[in-house]
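Subject: Structure handover

Hello,

The structure we discussed is below. My notes on the domains and aromatic contacts follow it.

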Amino acid sequence: MDFSLDDEQTALRDAVRGLLKGFDNEQRRAATSEDPGFSQEQWGRLAEMGLLGLPYSEDDGGMGAGPVELAVVAEELGRVNAPEPYVETVVLAGGLVAALGTPAQKAEVLGAISSGEQVVAAALLEPGSRWDLAGEGVVEKDGRLTGVKEPVVAGGRADLLVVSATTDGGPALFLVTPGEGVETSSYATFDGGRAARVTLDGAPATRLGDGSVDTLAALERVVAAAKIAYCHEALGLMESALRLTTEYLTTRKQFGMTLNRFQALTFRAADMYTSLELSRSIVTWATMVLADHSSTPQQVSDAARRAKLQVSKAGRHVGQEAIQLHGGIGMTAEYAVGHMTSRLTVIDHLLGDGREQTKHLLTTLTDHEVVEPVG
Amino acid sequence: MDFSLDDEQTALRDAVRGLLKGFDNEQRRAATSEDPGFSQEQWGRLAEMGLLGLPYSEDDGGMGAGPVELAVVAEELGRVNAPEPYVETVVLAGGLVAALGTPAQKAEVLGAISSGEQVVAAALLEPGSRWDLAGEGVVEKDGRLTGVKEPVVAGGRADLLVVSATTDGGPALFLVTPGEGVETSSYATFDGGRAARVTLDGAPATRLGDGSVDTLAALERVVAAAKIAYCHEALGLMESALRLTTEYLTTRKQFGMTLNRFQALTFRAADMYTSLELSRSIVTWATMVLADHSSTPQQVSDAARRAKLQVSKAGRHVGQEAIQLHGGIGMTAEYAVGHMTSRLTVIDHLLGDGREQTKHLLTTLTDHEVVEPVG
Amino acid sequence: MQLALTEEETAFREEMRTFFTTKIPQELRDTIASGRHVGKEGIVTAQRIMNEAGYAVPNWPVQWGGQDWTPMQRHIWHEEMQLASVPPPLAFNASMIGPVIAHFGSEEMKAKFLPATANLDIWWCQGFSEPNAGSDLASLTTKAVRDGDDWVINGQKTWTTLGQHADWIFCLCRTDPEVKKQAGISMILIPMDTEGVTLRPIELIDGGFEVNEVFFEDVRVPAENLVGKENQGWTMAKFLLGNERVGVAPVAQTKRRLATLKQVAADRGLLDDVLLAAKVVELENELLALELTALRVVAHSADGKPHPASSVLKLKGTELQQAVTELFVDVAGPLALASGADKDSDVPDWARVTAPDYLNYRKASIYGGSNEIQRQIIAGTILGL
Amino acid sequence: MQLALTEEETAFREEMRTFFTTKIPQELRDTIASGRHVGKEGIVTAQRIMNEAGYAVPNWPVQWGGQDWTPMQRHIWHEEMQLASVPPPLAFNASMIGPVIAHFGSEEMKAKFLPATANLDIWWCQGFSEPNAGSDLASLTTKAVRDGDDWVINGQKTWTTLGQHADWIFCLCRTDPEVKKQAGISMILIPMDTEGVTLRPIELIDGGFEVNEVFFEDVRVPAENLVGKENQGWTMAKFLLGNERVGVAPVAQTKRRLATLKQVAADRGLLDDVLLAAKVVELENELLALELTALRVVAHSADGKPHPASSVLKLKGTELQQAVTELFVDVAGPLALASGADKDSDVPDWARVTAPDYLNYRKASIYGGSNEIQRQIIAGTILGL
């Protein structure tokens, strides 16, 4: 058992960190103040470094890297709270194409993602579906889709949509290009990002894949991978929020002394650290479960749920306390911690919050005597 | 709306407080070290003051007082953690007789309780029944009971048992005198009290009442009254545990200063106070709902559950923190706080813990838009 | 002990309920009920209607428009107002500077300001906190120097809520830097349009603008703008902060929000989720305990001395307020993302406001005496620690 | 990153599992598994079997019976021992005085004590805390004065765990009252049957006796009983407390308890109660996070420097241990009252021990560096606050 990065992974981390160096709250506010809610230049630089094609096979224009490398990137993006829709495009939307697509679809779509040429958005959620992603509200008929997807993260900017829908043969995924039969209404989300309502009215759609792969199984695995990547983004966010908090406590004076002289505050910072480290352990483990080829689909799905459950609690704890320990300044948009808390809140609610993970884990509670980290 | 005691109630409180004055942990340990786990002399003094007959009608040898007076006594007993089985005998066992008994039964049994002549125990629980008190495991046939009741608080000392059992006509309560067909095995409980396994093997039993009162409805109301009385005992316990804790914090020195200089500790004492005061509010309210003749049975039952839910959480919080803030000394039997925490744990688990109350309150969640304290 | 309201109290509640639900425009109340903001105009409209009926400033002396109500009546007034989703009278006017002027001000000052303050003809804002004087308010450094018949003010205030709408600011200024820090503070009234006063809005993390920085650069106001005596400011600040016992805990507002939450959760079948429903049960119970604590405080503060339990109201009240906003985001789930959606969106209004609300209400445990300060008060004043 | 154990580690785990489950008497392990105590004899029996196999003191130098194991091997050894419900080697011997003597003691002292300590021929107890030196250990006042070839000890220790079984006590004594308090402390070894040593058992709130007060009245021991150098005691205390990275968090024991809880809850149909079952899910998850944190610390402490996250192990480990004991009482419900029941009772054994266990484990967050001290360490050492 080894929790450390190897030399290449460490080099990747340093490279990403280097690329993001100096990206601060002011730049973030500038980038998020206008559509598409992130920096196209930054997106290009991520592409240049090969980060947008990281998990795809080299044949498809990618780097052929694994979940650990994705984790490294997501965590670094989280550390600076970068607004680029990395997990959404690369892990979720692209991941679905990689899992289900025909060779031709993979080469085309993944190549376009990897090069930064196209932003691809996963249109899975519906106004009435909560966290069910199978797409009951969009119906396919004769190669055309009708129904509403919302909220679709980055849906306004997207050059291509991966849409879940119901067909006569059950749930399936489709590629839809904005245009005919597609109406997109984009708006700001509370973390500074963008999401859209996508109305499909007989929109021409290409089925993703040739039907040889089980759609729901692939969806579950890709969603598990996306959850784990989000958890890493959250680790980066929590680490930064804690660092900003301890820096503030050691510099801000009240009642004639710096705040770190107030034991009630420092003990709460210690509890934040505990939440963070416990999260880091379980999230890293989940990444290893995902990366391990001997893991069963059930193990991968459960590991992702376990990581997300822990991060749901830790993210609330760390995010709320970071603001509280800052006091008034933590409430302001000019300061970074509030945005981190906002982003943690988005991550918490996009693919199921802690209570939702618990609900699913309840169904497997009596399958095991104890939870063993190593099989 | 008035939360205060009237003059007579205040006088009663002062009288009880006077009677219990000087009762300390050492005396408690002496009283609980031998059977029956409490002081017969003290029991006699409670009788002399009229406290054992407090809620019964004067015709039956009682004082005709209401829930507020019972609350006053229970709270004072809790304040010194007196080991006498007051709520168990007077409110629960006696309460069942008062609610269901024939005039003759009431006069006889309640008279004997009031005078201190008899200790009466409620034998409702069974090893497999959890918090269901209707008595499915004991069966009546031809006026004789067979089955096991356990744990029966004060069952070893009891001169008379009020037993729940199943009859051909449904659940019913019976009076059973230890002797023929009754085998009692008494043991210490972790709070220093006593409970017993009571094996009934064709034990002669007299049905409580003439069948004109709905047994389950009466049981629910009396149990609600007992829950509320227990909550008052818990208020007394929590108040004393907090007082001992703050006294300790202001006198105990570590690192060259008294512990109240450590903000992390004083803030936790403040949270204990918050738990206590919120509990006091809701428990006092539940007493008023019980005392108010216009309250429906459902309102009474719900109010008792609400009070007990709050006290379950507060009792754990205050009990655990009282020990923790004392440090090692809080763990010792020579010191009072641990016994208070033990007793709070008993109270929590006797008539349903917080989770159990929540489970029942869930069934009425959509019956109301908001919870209104005043109808 | 007595559970029920008296007959008089019941009648009074009915009177208040009727007033609030029939006299305050439905549209305003609907806006509040859906969790949106009514804006300056709405607040002014509501307060003027209340003031006309004598219900805007019941806590003031009767001669200045107050009511000779019992604490329970004031509690009922406050609860009914919240239950009816009425925008409450502006706190800076009704609960803060009004009572201070009524208690400390000269007769001239009362006559000049109180009627206009009650009627919200003047919109006041508060100049207390500074960048380096938050929880430690007494460290403030904004300076007022006497120059002839004027005060000359220099310095900076921050967290000035709704300062963007304000006509006047009541400002704590240091007038004697030589003495113990609490002893050298005075309260001065300053028109916001005075030369040298600049206001800079601060964007909050929910994207809203409700607080501001206010800068004073050689701002001149006449000597008569001093409230009470020189260096009496700290006494006034304590008076003002300790003044209000009613409405410290936002009980009725939180109750209303929780009722809405329950309704929308039920509509979406989410109450079948036992874990979510149990959370609602627990919040309802804690809210009941809080409301009863508020009632205890109200019922036993008649002699003017605050009940010790009053200090838990802000602490627990804001915790529950925040817990409800947090649970609301969970009920909205991914729909919470649609905070910036326009009318084209299929996401219902209630879901769109959940996340900004959650973020915005993190302030509740910081502003107006942080929860750390509340714990300090409980530990120190009540528990003697 | 690598999820699986190496082949060698897997083989080692198998070896340990086989050893613990076949060589340690079943009866002892059953007693532990059911939450009861095995007593002195059982602990001695188990340790001697382990010592014979070389598994009692793997953390010691090889020449004194230790093993040249990796941190992961020691972790596996510890986990398998707990999973098999084996009473662990006596901590006072194996983790505390043994390593101290091996590191600081003279060769004579090592030869005299280490073999007997490893084999539990000597039962050690710890003389650290005093009535006025708990968390603030350095304030201890028990005095050792050199008198010719002897040390004369006067004072009192408390919280001496299992002192009633002990042959010897290792004792921190003040040997120089003139210097900074940490600088004047020495470690002295004292036979418990020395004249002037008195032991008084302390009853705990669960009714059990496991800690004691130890009084020293003109107790004389030879000068050679000093460990290492005079006034080096604080260094040894820090060495000893910082020594053990493995087994700080009682993970496997808590896992086993939670598995039992789940089993008895399932048998009684209580897992149908979603609220109870969800609590189990959450505890399983937190315990997994804790175990993984312990593994991280183990995997990354090979260079001897402790991983920063190690400080959360005791804090979170005891919290979870306590949470499981608390939930066990809830599972028992009213049956928890039968703590003193004899064999006639119909209440199952597991239910009878729940409340005493719950009460007893309140100590876990107090003894051995309270959780307040742990937070202090995290805030100070790791966060730099």
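In chain C, the centres of domain 1 and domain 2, taken over C-alpha atoms, are 30 Å apart. The assignment for chain C, an automatic or database one, gives domain 1 (7-89), domain 2 (124-230) and domain 3 (248-383).

This is a predicted model, where local features need pLDDT of at least 70 and side-chain atom pairs pLDDT 80 or more, while totals for chains, interfaces and linings use all residues. Residues are numbered from 1 along each chain as its sequence is written, chains are lettered from A and ligands numbered from 1 in the order written, and side-chain values use heavy atoms, without hydrogens or water.

Over all chains there are 30 aromatic pairs (Phe, Tyr or Trp rings, for Trp the six-membered one, with centres within 6.5 Å; planes under 30 degrees apart are stacked, over 60 edge-to-face, the rest tilted). C:Phe19 and C:Tyr55 are edge-to-face, because their planes stand at 90°, with centres 4.8 Å apart. C:Phe19 is in helix H1 (residues 7-23) and C:Tyr55 in the loop between helix H3 (39-53) and helix H4 (71-83) of chain C, so the pair ties together parts 36 residues apart in sequence (helices are DSSP runs of H or I, at least four residues, numbered from the N terminus). Both residues are buried (under 20% relative accessible area, 1.4 Å probe, protein chains only).

In chain D, the rings of D:Tyr55 and D:Trp69 are 5.8 Å apart between centres with planes at 40°, so this pair is tilted. D:Tyr55 and D:Trp69 are both buried.

Regards

Note on methods: Helices (H or I, at least four residues) and strands (E, at least two) are DSSP runs, numbered from the N terminus. Buried means under 20% relative accessible area, exposed over 50%, partly exposed in between (1.4 Å probe, protein chains only).
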